[in-house]
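Welcome! Take a moment to look over the protein below, and then we can walk through its parts together.

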Amino acid sequence: MADDDNKHPEALSSASMGEAEHEEHLERGGVVAGRNRTGMFGVSGSGDTSGFGGLKLPAHVAAPSERPYGGWFDEVADELLAAIRERGLPADTVQQITVDRGEITFYLRREHLVEVARILRDDPALRFELCSSVSGVDYGPEAPQRLHSVYHLTSMTYRRRIRLEVAVELDDPHVPSVVAVYPTADWQEREAWDMFGIVYDGHPGLTRILMPDDWDGHPQRKDYPLGGIPVEYKGAEIPPPDQRRSYS
């Protein structure tokens, strides 16, 4: 089950990357782009009945963007970086800034997440008062730093939206809770813990919210079994998705 994911033979940590990946890891301050991907749900060869077998996807982390970012993105980036310097936070607090598909994402070191969130909420030039979403992402056993915690922040004052993202290893999936800054993150962090196993340190009550308390594993991790139990339907038995024959 997913609780044993850190023992997966194909799992990569920053210590077991190839030389090129390790150099990329250092250059980006810890954010690893990963490899281009094909297909969906980690299925290869037979058994992919999803219809996505020929899908080709880029690396899971888009490349860092260069200035100018465009529009108000530069203003927000300048104000945030200036506020970080004023508060004496390290220069590498923001590991990477990416503009992709018309959205800006700030990749952060987890140990400074809460302080950056407080800056974004309280700074008069930023005023991101609302955390509208906290979600988890698992990029699969082949990806270093496979677990990402993603935060969508909204400025109702300036009518702007940004994304924060923190990447962690499967064998150390700890991220500070932002509930003290954004109370709306309470149940959302619980869901990300329940589905992905991201541990939000300092959360007031980090318990499962969708699955039973005694459930084994985290169902939205990529190496969690697709199936479960076969389904009986009018006398016919339908096998779990990962056991069905391929029609391609």
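## A first stop: R163

Let us begin with a single residue. R163 is buried, with a relative accessible area of 16%; buried means under 20% relative accessible area, exposed means over 50%, and partly exposed is in between (1.4 Å probe, protein chains only). R163 sits in strand 7. Here helices (H or I, at least four residues) and strands (E, at least two) are DSSP runs, numbered from the N terminus.

What does the side chain of R163 make polar contacts with? One partner is the side chain of E103, at 2.6 Å, and another is the side chain of H152, at 3.3 Å. A polar contact is a pair of N or O atoms within 3.5 Å; within protein, one must be able to donate a hydrogen and the other to accept it, and residues adjacent in sequence count only if both atoms are side-chain atoms.

## How to read the model

This is a predicted model: local features need pLDDT of at least 70, side-chain atom pairs count only at pLDDT 80 or more, and totals for chains, interfaces and linings use all residues. Residues are numbered from 1 along each chain as its sequence is written, and side-chain values use heavy atoms, with hydrogens and water left out.

## The sheet and its helices

Strand 5 and strand 6 pair in the antiparallel sense over eight bridges; two strands pair if DSSP finds at least two bridges between them.

## The nonpolar core

In soluble globular proteins, nonpolar side chains tend to be buried together. The largest nonpolar core in this model has 41 residues, and those with the most contacts inside it are F106, L120, Y151, L153, I162 and L164. Such a core is a set of buried Ala, Val, Leu, Ile, Met, Phe, Trp, Tyr and Cys residues joined through side-chain atoms within 4.5 Å. Helix 2 gives the most to this core, with six residues.

## An aromatic pair

A search of the whole structure finds one aromatic pair. The ring centres of W72 and F73 are 4.6 Å apart and their planes are at 80°, so the pair is edge-to-face. Rings of Phe, Tyr and Trp (its six-membered ring) pair if their centres lie within 6.5 Å; planes under 30 degrees apart count as stacked, over 60 as edge-to-face and the rest as tilted. W72 counts as partly exposed at 26% relative accessibility, whereas F73 is buried at 10%.

Most residues other than glycine have a negative phi, and most peptide bonds are trans. A cis peptide bond joins R67 and P68, with omega about -5°. R101 has a positive phi near 55°, and so does Q145, at about 50°. Are these two buried or exposed? R101 counts as exposed at 70% relative accessibility, while Q145 is buried at 9%.
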